[in-house]
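Have the viewer open and follow along.

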Amino acid sequence: MEGDKKGITSEELKQHNKAGDLWISIQGKVYDVSDWANEHPGGDVALMNMAGLDATDAFIAYHPGTAWKYLDKLFTGYYLTDFKLSETSKDYRRLASEFAKLGLFEKKGHITMYALASIVLMFGVVLYGVLCCQSVWAHFGSAVVLGFLWIQSAYIGHDSGHYQVMNTRGYNKLAQFLAGNSLTGISIAWWKWTHNAHHLACNSLDYDPDLQHIPVFAVNSIFFNSIKSCFYGRYLNFDPVARFFVSYQHWTFYPVMCVARVNLYIQTFLLLFSKRRFPDRALNILGILIFWTWFPLLVSCIPNWPERVMFVLTSFAVTAIQHVQFCLNHFAADVYTGLPEGNDWFEKQTSGTLDISCSSWMDWFYGGLQFQLEHHLFPRMPRCQLRRVSPLVQDLCKKHNLSYRSLSFWEANVWTIRKLRNVALQARDLANPVPKNMLWEAVNTHG
């Protein structure tokens, strides 16, 4: 029977890498997912990022054991003849199997219940502070609480997007709808679209949308070449405006983070009213309409415009804590161009992430995402289990001489600002090809 198998090489597989002709391999078997791409719960971008490649490690990371039975109908009859499994991938798959046997992907604890209770409590405090108090300090405090409410809501939306936090899929979708769209004003559809691409091509300059912030930020000088974003399907033009902003990005980083939420609102509207296909469009739009009903009404209950502006800006500024954290996890890590291929998917995850070290009592503050590498390797694992598996991930990285970086919150900020400053100075140098004088050195060298 072995001799009757139809074979295909890795190079031949790579030819099937576009919409309408999209093949992947999983554990040596080749599957045609061309038609399935539009039905894929994780979106078509996730499959396009794996097109023409071995996707075994990524499939194991993002799918429960029950998903394997759906592959049979997609099997082409071909087997990959020349793929060799690396020792790193062998150990990763073995570790994932052990975690599954221990039930770590199903043991969710009571994190979601506590988080939802805290959100309800904070929302009550915000309503009381705005509607029942006249003091400007009460309004200021309510804005701070609202900011933390949005942070915790985002963590619930993130968790429910990666795994089922509720008892049923219906309730899980409701949690996404309420915690994401209705409470934060950020579409869960937009989040899935960008976040899945980020996970699969972690820190790829041309495939990871979470690094593509031209004209405001650039984490590597490769962006100076106006590279094409394979995610957005357009060129990221490094024009004089981008060069100016990037030249001072280490100064503007924190101020921009304070209003970064505005960009998320814009991105949400751009997706929801685009021609792009995605599931539950009407439900997503309804959730956004709910947010843009209650939030402006709440702000309008504040007696005067100066306090209203203060309330909005303060609530946005508090969420900057979370925006900064997301940047710390990746901005200072290693980058590359292109897609991870087969055996190097695990390596790309380790090189493209930074963990934030903290005490266990601070886990609620970071939403489990301080264990960024652990989360990227096992995205379906509930956050309450990430601290438990962290030592085993460290051992695996040490065994294969791979990066495992865990920094304090302060150190991660220092690394990130240093990276942004280095790129900023390169942008300035590019803008000043003439010989530098002492005035240029004094103004620019020390940033």
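## Ground rules and a buried serine

A residue counts as buried when its relative accessible area is under 20%, exposed when over 50%, and partly exposed in between, using a 1.4 Å probe and protein chains only. Ser-142 is therefore buried, as its relative accessible area is 3%. This residue sits in helix α6; helices here are DSSP runs of H or I with at least four residues, strands are E runs of at least two, and both are numbered from the N terminus. Leaving out residues up to four places away in sequence, Ser-142 touches Val-125, Val-126, Gly-129, Val-130 and Phe-311, where a contact means heavy atoms within 4.5 Å.

This is a predicted model, in which local features need pLDDT of at least 70 and side-chain atom pairs count only at pLDDT 80 or more, while totals for chains, interfaces and linings use all residues. Residues are numbered from 1 along each chain as its sequence is written, and side-chain values use heavy atoms, without hydrogens or water.

## Confidence

The predictor's confidence in each residue is its pLDDT, on a scale from 0 to 100. The protein averages 90, and 94% of the residues score at least 70. Among the elements, α10 has the highest mean pLDDT (97) and helix α19 (residues 438-445) the lowest (43). Over residues 433-447 pLDDT stays under 50, and the model has 18 contacts beyond four places in sequence for them.

## Annotated regions

An unreviewed UniProt entry annotates residues 5-80 as "domain: Cytochrome b5 heme-binding". UniProt positions follow the numbering used here, feature names are shortened, and annotations may be inferred rather than shown by experiment. Over residues 5-80 the chain is 21% helix and 28% strand, with its end C-alpha atoms 10 Å apart.

The unreviewed entry also carries the annotation "transmembrane region" for residues 111-131, 137-158, 253-273 and 285-305. Residues 253-273 are 90% helix and 0% strand, and their end C-alpha atoms lie 29 Å apart. For residues 285-305 the figures are 81% helix and 0% strand, with the ends 29 Å apart.

## Pocket and cavities

On a 1 Å grid over the protein atoms alone, a cavity is a set of points where a 1.4 Å probe fits but cannot get out; a pocket is an open set with protein on both sides within 12 Å along at least five of seven lines, and lining residues have an atom within 4 Å of a point. Grid points are joined across faces, edges and corners, and a volume is the space filled by probe spheres set on the points.

The second largest pocket has a volume of about 1,300 Å³. Its lining holds 50 residues, with Trp-190, Asp-210, His-213, Asn-263 and Leu-264 nearest the centre. Helix α8 gives the largest share of that lining, seven residues. By class, the lining of this pocket has 25 nonpolar, 22 polar and three charged residues; Ala, Val, Leu, Ile, Met, Phe, Trp, Tyr, Cys and Pro count as nonpolar, Asp, Glu, Lys and Arg as charged, and the others, Gly among them, as polar. The structure also holds three cavities of 30 Å³ or more, and the largest cavity has about 50 Å³ of space. Residues lining the largest cavity include His-158, Asp-159 and Arg-383.

## Two loop residues

Where is Leu-402 found? Leu-402 is in the loop between α17 (386-399) and β9 (406-407). Its C-alpha atom is separated by 7.0 Å from that of Glu-347, 55 residues apart along the chain.

Thr-337 lies in the loop between α13 and α14 (345-351) and is partly exposed, at 47% relative accessibility.
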